Amino acid sequence: MKLSKLAVALGLAVVLALGGAVRAENQVKVVVKGVHLCCPGCVAKVGETLKKIDGVTPKCDREAKTVTITAKDEDTAKKALQALADAGFHGDTGNKELAIKDDSGVEKGKVEKITLTGIHNCCGMCCKGIKTVVKTVDGVKGDTAKPKMDTFEVTGDFDAAELVKALNAAGYHVKVKK
């Protein structure tokens with residue numbers, strides 16, 4: 001009788017262990033590189049944004065400019081990436097299936113003025129980074145970006161898609177305000 005109880009207990013332990021292994025195999029890990037993380041405020045915003053999603057464990061490395069997302073499954077990882085974008089952060093995952101999508105609404109071609117919104121801009125360092133990137137786009141004459149403001153206008157004679165591309169490459173996610 002004692003032997004059969006032991007066998008049942010061992011069998012149950014094996015099933016639980018394998019169940020845990022299956023759960024671990026289903027987890028998805030995504031490393032988002034090139035994310036704008038200039039200060040503790042940026043890191044905190046990423047953390048608070050991703051912790052709201054059930055089944056996600058985030059980790060930021062400010063120096064490496066990476067956000068690592070461990071999610072319970074692929075759909076949850078996609079939700080986390082969208083939440084990161086919605087919070088104004090952008091980066092490259094190296095994976096077309098699990099990527100931050102360009103939902104900016106920008107159209108290719110020259111414009112004289114565009115209003116961008118949704119960018120993460122928590123401090124003076126964020127704003128300085130935004131202004132530095134904006135100035136690199138050919139034809140840009142000025143911008144109205146100010147610290148702690150997530151909407152700003154860019155003026156000049158420039159390609160709007162190139163502006164969004166440059167901001168994304170610098171780790172910022174934006175949308176065109178219509």
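**Entry 1**

I began with β4 and strand β7 (residues 175-176): two bridges join them, and they run antiparallel. For pairing, DSSP must find at least two bridges between two strands. Helices (H or I, at least four residues) and strands (E, at least two) are DSSP runs, numbered from the N terminus. I noted that this is a predicted model, where local features need pLDDT of at least 70, side-chain atom pairs count only at pLDDT 80 or more, and totals for chains, interfaces and linings use all residues. Residues are numbered from 1 along each chain as its sequence is written, and side-chain values use heavy atoms, with hydrogens and water left out.

Which residue of β7 is the bridge partner of T117? I found K175.

Next I followed β4 (residues 110-117) to strand β6 (residues 151-159). Seven bridges join this antiparallel pair. L116 has F152 as its bridge partner in β6.

Then I wrote down the whole sheet. It is open, has four strands in the order β5-β6-β4-β7, and pairs in the antiparallel sense. β5 and β7 are the edge strands, and each pairs on one side only.

Helix α5 (residues 160-169) lies across β4 and β6 and runs at about 125° to β6. Such angles run from 0 to 180 degrees between N-to-C directions, with axes fitted to C-alpha atoms, for helices over the stretch in contact.

**Entry 2: The three-stranded sheet**

In what order do the three strands of the open sheet stand? The order is β1-β3-β2, and the pairing is antiparallel. β1 (28-33) and β2 (56-61) are at the edges with a single partner strand each, so one side of each has no neighbour in the sheet. From one strand to the next, the twist averages 15°.

I checked both pairings. β1 and β3 run antiparallel and are joined by six bridges. V30 stands opposite I69 in β3. β2 and strand β3 (residues 66-71) also pair in the antiparallel sense, over six bridges. C60 has V67 as its bridge partner in β3.

Two helices pack here. Helix α2 (residues 40-51) packs on the sheet and touches β2 and β3; its direction makes about 170° with that of β2. Contact means heavy atoms within 4.5 Å. Helix α3 (residues 74-86) packs on the sheet as well, touching β1, β2 and β3, and its direction makes about 25° with that of β1.

I then looked at the faces of β1. V28, V30 and V32 make up the covered face, while K29, V31 and K33 make up the uncovered one.

**Entry 3: Loop residues**

Is E63 buried or exposed? E63 counts as exposed because its relative accessibility is 79%. The cut-offs are under 20% relative accessible area for buried, over 50% for exposed, and partly exposed in between (1.4 Å probe, protein chains only). E63 lies in the loop between β2 and β3. E63 and C38 are 25 residues apart in sequence and 8.5 Å apart in space, C-alpha to C-alpha.

K65 lies in the loop between β2 and β3 too. K65 is partly exposed, at 46% relative accessible area. Its phi is positive, about 60°, although K65 is not a glycine. I noted for context that most residues other than glycine have a negative phi.

K148 is in the loop between β5 (140-143) and β6. Phi of K148 is near 70°, again a positive value in a residue other than glycine. K148 counts as exposed, with 67% relative accessibility.

**Entry 4: The pocket lining**

Which residues line the largest pocket? I listed D102, V106, K108, D159, A161, E162, V164, K165 and N168. Helix α5 gives the most to this lining, with five residues.

Technical notes
On a 1 Å grid over the protein atoms alone, a cavity is a set of points where a 1.4 Å probe fits but cannot get out, and a pocket is an open set with protein on both sides within 12 Å along at least five of seven lines; lining residues have an atom within 4 Å of a point.
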